[in-house]
Amino acid sequence: METNEPLDNLIRQCQRGEQQAFEAVFVQYQPRLRFYVRRLASSLDHTDDLLQDVWVKVIRKVKTLREPKAFTAWLYRIARNEVICRARVKDPWLGLSNEHLESLASE
């Protein structure tokens, strides 16, 4: 199994509450996360608000992450859940398209 030691160290620093580590993780992941959220939430407005909520959850819950190696999957899961939650609030009868379901299944 491949290990990403610098990221693992950053996540451990985040878990200790080090602000510079959070900033580094944010800079590293924000562009890709924005693309991911826009792709999933093409029908939703306010992508920036959604992303802000994702990052707030990450900051609040990073201490509960047991394996720093799992950070990337954990982050994208939080984002996906936030998109689904927003879609339900906006329109409780709104479903994800087949394209979105297929992309989620392949992850």
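Predicted model: local features only at pLDDT ≥ 70, side-chain atom pairs only at ≥ 80, totals over all residues.
Biologist: What makes F26 and W55 an aromatic pair, and why is the pair called edge-to-face?

Modeller: Ring centres must lie within 6.5 Å, and those of F26 and W55 are 5.2 Å apart. Planes over 60 degrees apart count as edge-to-face; the angle here is 65°, so the name applies.

Biologist: Which parts of the chain does this pair link?

Modeller: The pair links distant parts: F26 belongs to helix α2 (residues 19-40) and W55 to helix α3 (residues 47-61), 29 residues apart.

Biologist: Why is W55 called buried, and why is F26 called partly exposed?

Modeller: Buried means under 20% relative accessible area. W55 has 9%, and is therefore buried. F26 has 36%, which lies between 20% and 50%, so F26 is partly exposed.

Biologist: Why is the pair of F71 and W74 called tilted?

Modeller: The planes of F71 and W74 stand at 50°.

Biologist: Where in the chain do F71 and W74 lie?

Modeller: Both lie in helix α4 (residues 71-90); because they are three residues apart there, about one helical turn separates them. F71 is buried, at 1% relative accessibility. Ring pairs also join F71 and W74 with Y29 in a cluster.

Biologist: How do you know that the charged end of R32 sits over the ring of Y29?

Modeller: The charged end of R32 is 4.7 Å from the centre of the Y29 ring, and the distance limit is 6 Å. The charge is accordingly listed as sitting over the ring.

Notes
Residues numbered from 1 in each chain as written. Heavy atoms only, no water. Phe/Tyr/Trp six-rings, centres within 6.5 Å; stacked < 30°, edge-to-face > 60°. Helix = DSSP H or I, 4+ residues; strand = E, 2+ residues; numbered from the N terminus. Buried < 20%, exposed > 50% of the residue type's maximum accessible area, 1.4 Å probe, protein only. Lys NZ or Arg CZ within 6 Å of the ring centre and 35° of its normal.
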